[in-house]
Amino acid sequence: PDAWGQGFATEGAGALLADALQRPDVTRVYAHALLSNPASIRVMQKIGMTYAGLWTYVGLEGAEYEALPGTGPRSAPAKRP
């Protein structure tokens, strides 16, 4: 909790996404978060991932986000599902 809100998750996730999208064998990067965790959803949006659909985990509702090669990480937020 001491590190929450300081941008560390966004910075790390953005670097991982950029690296993955530069690899020639990667066709899609996807990530999941529970709807009860809006901070994680916001990180995915901030790094340029787009909403791809509903997702569930052990009966809990969540969201799937994706990024495709050529779209790359960006700082502009995407729309919420």
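**Entry 1: helix α2**

I began just after helix α2, where Gly48 takes a positive phi of about 95 degrees. The model is predicted: local features need pLDDT of at least 70, side-chain atom pairs count only at pLDDT 80 or more, and totals for chains, interfaces and linings use all residues. Residues are numbered from 1 along each chain as its sequence is written, and side-chain values use heavy atoms, with hydrogens and water left out. I took helices (H or I, at least four residues) and strands (E, at least two) as DSSP runs, numbered from the N terminus.

Next I looked up which residues of α2 (residues 38-46) are buried, and I noted Ile41, Val43, Met44 and Gln45. Buried means under 20% relative accessible area, exposed over 50%, and partly exposed in between, with a 1.4 Å probe and protein chains only. The cover over these buried residues includes α1, β1 and β3; contact here means heavy atoms within 4.5 Å. I also recorded that α2 lies across β1 and β3 and runs at about 155 degrees to β1. For such angles, axes are lines fitted to C-alpha atoms, for helices over the stretch in contact, and the angles run from 0 to 180 degrees between N-to-C directions.

**Entry 2: Thr10**

I then turned to Thr10, which is found in helix α1 (residues 8-22). Leaving aside residues up to four places away in sequence, Thr10 touches Val43, Lys46 and Ile47.

**Entry 3: the sheet**

I asked myself in which order the three strands stand in the open sheet. The order is β1-β3-β2, and the pairing is antiparallel. β1 and β2 stand at the edges with a single partner strand each, so one side of each has no neighbour in the sheet. Neighbouring strands of this sheet are turned by 30 degrees against each other on average, direction ignored. Two strands count as paired if DSSP finds at least two bridges between them.

I followed the antiparallel pairing of β1 (residues 29-34) with β3 over six bridges. Along it, Ala31 stands opposite Tyr65, and Leu34 has Gly62 as its bridge partner. β2 (residues 50-57) pairs with β3 over seven bridges, also in the antiparallel sense; there Thr56 has Glu61 as its partner. β2 and β3 form a hairpin with two residues between them, and Val58 in the turn has a positive phi of about 40 degrees.

Why is strand β3 largely enclosed by the rest of the structure? I found that six of its eight residues (residues 60-67) are buried, which accounts for this.

**Entry 4: salt bridges**

My search of the whole structure found three salt bridges. A salt bridge is a side-chain nitrogen of Lys or Arg within 4 Å of a carboxyl oxygen of Asp or Glu.

Arg23 and Asp19 meet in one of them, at 2.8 Å from N to O. Arg23 is partly exposed at 44% relative accessibility, and Asp19 is partly exposed at 37%.

Arg28 forms a salt bridge with Glu64, the closest N and O atoms being 2.4 Å apart. Arg28 lies in the loop between α1 and β1 and Glu64 in strand β3, so this pair ties together parts that are 36 residues apart in sequence. I recorded Arg28 as partly exposed at 32% and Glu64 as buried at 18%.

Arg28 also meets Glu66 in a salt bridge (2.7 Å, N to O). Glu66 lies in β3 too, so this pair ties together parts that are 38 residues apart in sequence. Through shared partners, Arg28, Glu64 and Glu66 are joined into one network.
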